[in-house]
Amino acid sequence: DRFLALGGVSWALVSVNALPLVYDFAGETNIGTSTGLYYVTVNIAAAVGPQIIGFLIDITGKNYRIVFVISAIFMALAVLLLTRINDSHR
């Protein structure tokens, strides 16, 4: 239970700061486009993510531990992508 609570708080910290980050890097002329792309991406992930995880659970013989493995992989990918963000376009 404590692990899930920590994960929830951590996700809230990311979620609250994601849109301001998009605004900071978009620039005034691209705020609308960047906001739209942000919301499309988030909603696609919310719709497709559970289906992919469910499929992986099914093909691993109802092994729910795969959720934690996949989560760790995507967290590492997110950190990698976030380290590549720069503001050289300004």
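User: Is T35 buried or exposed?
Analyst: The relative accessibility of T35 is 14%. Buried means under 20% relative accessible area, exposed over 50%, and partly exposed in between (1.4 Å probe, protein chains only). At 14%, T35 therefore counts as buried.

User: What kind of model is this?
Analyst: Residues are numbered from 1 along each chain as its sequence is written, and side-chain values use heavy atoms, with hydrogens and water left out. Local features need pLDDT of at least 70, side-chain atom pairs count only at pLDDT 80 or more, and totals for chains, interfaces and linings use all residues, for the model is predicted.

User: Which helix holds T35?
Analyst: Helices are DSSP runs (H or I, at least four residues), numbered from the N terminus. T35 has its place in one of them. That helix is α2.

User: Which residues does T35 touch beyond its sequence neighbours?
Analyst: Contact means heavy atoms within 4.5 Å. Neighbours of T35 within four places in sequence are left aside. The contacts are then L19, V22 and Y23.

User: Which residues of α2 are buried?
Analyst: T35 is one of them, at 14% relative accessibility. The buried residues of α2 are S34, T35, Y38, L56 and I57.

User: Which helices do the buried residues of α2 pack against?
Analyst: α2 runs over 31-59. Its buried residues include Y38 and L56. They pack against α1 and α3.

User: How far apart are the end C-alpha atoms of α2?
Analyst: The expected span of a helix is 1.5 Å times one less than its number of residues. α2 has 29 residues, so it should span 42 Å. The distance in the model agrees with this: 41 Å.

User: Where in α2 does the kink lie?
Analyst: The bend at a residue is the angle between axes fitted to the seven residues ending there and the seven starting there. In α2 the kink is about 30°. It comes shortly before the proline P50, at V48.

User: What is the phi of G61 near?
Analyst: G61 follows α2. Its phi is positive. The value is near 75°.

Notes:
Helix = DSSP H or I, 4+ residues; strand = E, 2+ residues; numbered from the N terminus.
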